[in-house]
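Open the structure in your viewer and keep the sequence beside it. The stops below say what to select and what is there.

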Amino acid sequence: MPDVQSTVDPSEVAKFEAMAAEWWDPTGKFKPLHMMNPVRLDYITNQIAAEFARDLSDSLPFKGLRILDIGCGGGLLSEPMARLGAEVVGADAAERNIPVAQVHAEQSGLEIDYRHTTAEAMAEAGEQFDAVLNMEVVEHVASPIDYLTACHNLLKPGGLMIASTINRNPKSFMVAIVGAERVMRWLPVGTHDWHKFITPAELEELITRAGLRQVDKKGFVFNPVTWSWSISARDLSVNYVTTSLRPA
Amino acid sequence: MKLDSDILIVGGGLNGPALALALGDAGFDVTVIDALKAGTRGEDEFDGRGYALALASQRLLKAIGVWDRVGDNVTPLLEIRISDGKPGSGPGPFVLEFDNGELDEGPMGYMVEDRFLARALLEAMTAHPKVTLIDGALVTAQEVGPASVTLTLDSGKTLAGRMVVGCDGRRSGVAERAGIGRHGHDYGQTALVCAIEHEKPHHGVAHQFFMPPGPLAILPLPGNQCSIVWTESHAEAARIHALDDAGYLEELRPRFGDFLGEIRLAGRRFTYPLNLTVADAFVADRVALVGDAAHGMHPIAGQGLNAGLKDVGALAEVLTLAKRRGEDYGRIDVLERYQQWRRFDVTSMVTATETVNRLFSNDNPILRTVRDIGLGAVNAMPSLRRGFIREAAGLTGDLPKLLQGRQI
């Protein structure tokens with residue numbers, strides 16, 4: 001896979017700016033991601049801060065940490081990590097996302113290394129990180145075990161991976177496929193293939209086989225009354241997230 | 001784009017400095033732009049203006065390091081007496097009494113003079129390493145970019161920040177420049193505000209007499225002094241305000257009664273036309289409104305500043321949590337959390353104060369009977385009374401952490 005790190009072609013800037021505006025419009029096409037983002041960030045920032053003994057009320061709490069955001073899209077997670085002081089690499093297999101994310105980071109005054117590449121290619125090149133964010137990716141890859149092994153190799157010893165995905169059960173079919181795609185139209189139909197969803201037990205087994213040690217798991221729960229997401233210690237029935245460490 | 005500050009606050013009254021301190025404590029770089037020169041606030045002479053701070057507001061001021069600077073210049077509100085009155089006959093018999101013996105937390109609030117609160121806020125801002133004050137400056141333009149907002153001052157200087165907060169009052173320029181409209185109406189009433197000295201001690205008791213033209217509030221200040229908020233129709237207020245001090249007191253005496261002995265004026269006299277003005281939105285992209293800029297309400301329950309400080313606590317908490325997550329906290333989706341938090345509370349308070357005002361500001365004998373029965377009924381039911389006391393102390397609802405006396 002080619003490693004595309006080109007600066008943005010000036011003639012294309014307007015188009016990418018429009019696409020960035022679309023990615024970052026809280027009421028637009030990516031509304032479900034924006035609604036979920038605060039709880040995802042709460043989880044990610046608290047796990048990283050706890051593991052590396054950082055205080056989130058400091059001005060740049062993640063200074064000195066190298067973080068990889070896999071499946072970075074428009075940069076919804078990469079930008080917050082950079083804002084907290086981390087050195088961020090955002091990787092996406094979809095080439096069109098890279099200039100879009102670059103344009104937006106520039107508008108935000110942030111320096112982020114966005115690359116058109118995959119976890120496997122980066123692992124092969126020997127890149128290493130303190131933390132790897134692997135959010136809503138594993139249900140889309142062809143071989144979860146190969147992918148998670150690459151994530152393991154991308155971590156420095158003692159490094160931490162945060163992985164979120166969707167459970168596979170009748171409820172998740174109703175919520176994530178019927179609800180989110182067909183009724184609410186939050187996501188394009190066909191975004192998810194229910195058969196590729198992974199149960200928490202299966203994910204832990206894959207993570208362990210990849211050489212990592214799972215240390216935490218939580219649910220992300222949507223409350224249709226308050227119209228907001230929260231973190232649950234017990235309810236992992238649809239969206240959930242785990243933290244694992246590469247043994248030092 | 002190089003930013004001058006994280007957050008720009010327009011308005012150097014009370015809410016603006018309080019917000020600046022709360023945000024500064026949370027690690028934001030803040031610039032406050034005040035239209036007045038710094039020396040004109042917190043002047044030495046008592047001007048008669050005072051605030052009934054709810055307990056929750058006092059906790060916020062304590063948490064941001066302002067309360068200790070106010071020092072002993074406060075009067076605990078130990079009791080509130082509400083009664084129906086009629087000019088000429090003085091206050092009616094006390095029919096509704098709230099006293100702090102029914103509240104575990106201590107006094108239900110404090111009276112503080114404007115000059116002491118304004119000075120304490122100014123001193124705290126000056127001492128705060130994260131807060132910069134630009135005084136005597138007007139904002140002439142406000143431009144929102146993709147990740148920042150730029151203000152132009154009348155000096156020609158420009159200031160860029162991640163967002164701007166309008167703490168600039170009922171005719172908020174920040175709201176207007178952001179294209180946020182307002183709704184409201186004139187209550188047909190003007191508040192006459194002054195301070196008086198009286199012969200007998202007030203024992204920390206606040207009074208609210210409901211008179212047909214509007215309520216008369218008597219709020220205890222240090223020593224034998226009270227702050228008076230006296231509501232009349234526009235025409236009547238204009239007539240009374242035009243009188244000399246002796247004539248003014250002649251008008252006040254029959255309404256006030258003689259329970260505090262002889263009274264005389266202590267300080268200046270002010271008038272405030274009463275109107276309700278609520279912004280159509282409390283936020284826009286990179287813009288948030290706080291206090292009267294968001295909701296200028298009837299001062300009947302003394303809730304103007306208290307509601308503003310609730311806004312301060314809620315906005316500071318939303319922005320601080322967003323910053324700790326690494327979010328771009330000036331974005332509309334972050335600011336909408338603040339709006340959602342405050343809007344319901346403000347709407348219900350506006351409705352409640354309007355209903356009370358309409359019910360009490362008249363001399364209809366039927367309504368008079370209804371409200372006498374109502375006041376008596378509330379007084380006879382301890383649990384309902386305690387509910388009112390907690391409401392008056394600002395201890396109800398989804399309270400921001402600073403108003404619980406906790407750090408964010």
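**Before selecting anything**

This is a predicted model, in which local features need pLDDT of at least 70, side-chain atom pairs count only at pLDDT 80 or more, and totals for chains, interfaces and linings use all residues. Residues are numbered from 1 along each chain as its sequence is written, while chains are lettered from A and ligands numbered from 1 in the order in which they are written.

**Stop 1: chain A as a whole**

Select chain A. Its secondary structure comes to eight helices and eight strands; these are DSSP runs numbered from the N terminus, helices being H or I with at least four residues and strands E with at least two. The radius of gyration of chain A is 17 Å, close to the 18 Å that the globule rule gives for 248 residues, so the chain is as compact as a globular protein of that length. That radius is taken over C-alpha atoms, and the rule is 2.2 Å times the number of residues to the power 0.38. Along the principal axes, the C-alpha atoms of chain A fill a box of roughly 50 × 45 × 40 Å.

Of the 248 residues in chain A, 42% count as buried. A residue is buried if 20 or more other C-beta atoms, placed from the backbone, lie within 10 Å of its own, exposed if 12 or fewer do, and partly exposed in between.

The mean for chain A is 90, and 96% of its residues reach 70 or more. Over residues 1–7 of chain A the pLDDT is below 50. Where pLDDT is low, the predicted coordinates should not be read in detail.

**Stop 2: where chain A touches chain B**

Show both chains. The contact takes 16 residues from chain A and eleven residues from chain B, two residues being in contact if their C-beta atoms, placed from the backbone, lie within 7 Å. On the chain A side, helix H2 (31–51) and helix H3 (78–83) are the elements that give two or more residues. The largest share, five residues, comes from H2(A).

**Stop 3: a helix in chain B**

Select residues 245–256 of chain B, which form helix H7. This helix has twelve residues and reaches 16 Å from its first C-alpha to its last, close to the 16 Å expected at 1.5 Å a residue; the expected span is 1.5 Å times one less than the number of residues. Just after H7(B), B:Gly257 takes a positive phi of about 85°.

**Stop 4: positions from a record**

UniProt, in an unreviewed entry, places the feature "binding site" at A:Arg40, A:Gly71, A:Asp92 and A:Met135. Such annotations may be inferred rather than shown by experiment.

Select A:Gly71, in the loop between strand S1 (66–70) and H3 of chain A. A:Gly71 counts as buried because it has 21 C-beta neighbours inside 10 Å. Leaving aside neighbours within four places in sequence, A:Gly71 is in contact with A:Asp92, A:Met135, A:Glu136 and A:Val137.

Move to A:Asp92, in strand S2 (residues 87–92) of chain A. A:Asp92 has 24 C-beta neighbours inside 10 Å, so it is buried.

**Stop 5: A:Leu110**

Finish in the loop between helix H4 (97–107) and strand S3 (113–116) of chain A, where A:Leu110 is found. Is A:Leu110 buried or partly exposed? With 18 other C-beta atoms within 10 Å, A:Leu110 is partly exposed.

How values were computed. pLDDT = per-residue confidence, 0-100.
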